[in-house]
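Take a look at the chain below. We will walk through it step by step, from the sheet to the helices and then to single residues.

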Amino acid sequence: MKQLWLGLIVVLALFLSACSNENSPPDVNALVYKKAKPLSDFTLNDQHGELVTKQQFVGQWNLVFLGYTSCPDICPLTLAKLNVVYKNLKADYPLQIWFLSVDPNRDTSAKRKQYIDYFNPDFLAVSGEHKHLFPVVRELGLIYAISDSSESEYAVDHSASVAMVDQSGALRAIFKPEFKQGSVPLINATQLTEEFTKIANYYRN
């Protein structure tokens with residue numbers, strides 16, 4: 001009888017351990033919000049001049065990256081990496097990549113279209129006036145800043161992270177770039193793909 005009880009305890013412990021592992025949050029380097037942060041509605045425009053609202057997030061997974069078309073390094077390199085991520089994931093997950101331009105004065109819809117088509121015409125290249133842009137960026141946990149210079153050529157400081165918005169239109173996670181000495185901060189496409197899969201599977205609606 002004693003051996004029977006010991007056997008039952010071992011089986012129960014293994015069962016509970018399996019359940020615990022199954023329900024544990026994904027072990028990733030990304031910043032994952034245990035409770036997704038709902039985003040407020042917004043009004044921006046895509047590269048075709050069409051209106052874009054929060055509704056465009058709903059019903060699919062979304063990866064959002066800030067940038068501008070005159071960016072010399074981080075933006076084109078990150079978009080190239082996001083194109084790899086998109087191709088790796090699109091067969092298994094409904095996914096939209098967003099390039100959110102934070103330089104609306106120079107980045108017209110036509111310029112954004114020409115720019116994003118080089119990487120992938122299926123991506124959204126969205127922008128709008130700063131009064132509409134900034135609240136969206138802030139809620140995504142990202143940041144940007146533009147100097148008050150009157151020069152026609154200027155740089156825009158912006159996050160190199162990528163925000164993950166879930167199928168309900170809420171912020172789910174932020175993928176941070178790698179910082180290597182002598183290199184610009186960039187996401188790791190392989191790591192992002194793997195971590196996206198873990199997060200999406202765990203929080204699948």
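pLDDT is the predictor's confidence in each residue, on a scale from 0 to 100. It matters here, for this is a predicted model. The chain averages a pLDDT of 89. A score of at least 70 is reached by 87% of the residues. Over residues 4–22, however, the pLDDT is below 50. Beyond near neighbours in sequence, that stretch has one contact in the model.

Start with the sheet. Strands of a sheet pair through backbone hydrogen bonds, either parallel or antiparallel. Here six strands form an open sheet, and the pairing is mixed. Their order is E1-E10-E9-E4-E5-E6. Which strands stand at the edges? They are E1 (31–38) and E6 (124–126). Each has a single partner strand, so one side of each is left without a neighbour in the sheet. From one strand to the next, the twist averages 25 degrees.

Now pick out one pair. Strand E4, residues 61–67, pairs with strand E9, residues 162–165. The sense is antiparallel, and four bridges join the two. Find Val64: opposite this residue stands Ala163 in E9. Helix H2 (residues 74–89) packs on the sheet. H2 touches E4, E9 and strand E5 (95–101). The direction of H2 makes about 170 degrees with that of E4.

Next comes helix H3, residues 109–119. Which of its residues are buried? They are Arg112, Tyr115, Ile116 and Phe119. Seen down the axis of H3, these buried residues fall within an arc of 90 degrees, so they line one face of the helix. The face turned away from that buried side carries the exposed residues Ala110, Gln114 and Tyr118. The cover over the buried residues of H3 includes strand E2 (44–45), H2, E5 and E6.

Helix H4, residues 130–139, lies across E1, E4, E5 and strand E10 (170–175). H4 runs at about 130 degrees to E5. Leu133, Val136 and Val137 are buried in H4. Down the axis of H4, its buried residues fall within an arc of 100 degrees, so they too line one face of the helix. They pack against E2, E4, E5 and strand E7 (144–146). Lys131 and Arg138 are exposed, on the face of H4 turned away from its buried side. After H4 comes Gly141, whose phi is positive, near 75 degrees.

Now zoom in on Phe99, in strand E5. Is Phe99 buried or exposed? The cut-off for buried is under 20% relative accessible area. Phe99 has 1% relative accessibility, so this residue counts as buried. Its contacts include Tyr115 and Ile116, as well as Leu79 and Leu124. Phe99 and Leu66 are 33 residues apart in sequence, yet 6.0 Å apart in space, C-alpha to C-alpha.

End with Arg106, in the loop between E5 and H3. Arg106 has 15% relative accessibility, so this residue counts as buried as well. What does its side chain reach? At 2.9 Å lies the backbone oxygen of Tyr154. A polar contact of 2.6 Å joins the side chains of Arg106 and Asp103. Arg106 also touches other residues, among them Tyr68, Ser70 and Lys111.

Key: Residues are numbered from 1 along each chain as its sequence is written. This is a predicted model: local features need pLDDT of at least 70, side-chain atom pairs count only at pLDDT 80 or more; totals for chains, interfaces and linings use all residues. Side-chain values use heavy atoms; hydrogens and water are left out. Two strands pair if DSSP finds at least two bridges between them. Axes are lines fitted to C-alpha atoms, for helices over the stretch in contact, and angles run from 0 to 180 degrees between N-to-C directions. Contact means heavy atoms within 4.5 Å. Buried means under 20% relative accessible area, exposed over 50%, partly exposed in between (1.4 Å probe, protein chains only). The arc is that of the directions from the helix axis to the C-beta atoms. A polar contact is a pair of N or O atoms within 3.5 Å; within protein, one must be able to donate a hydrogen and the other to accept it, and residues adjacent in sequence count only if both atoms are side-chain atoms. Lists of a residue's contacts leave out its neighbours within four places in sequence.
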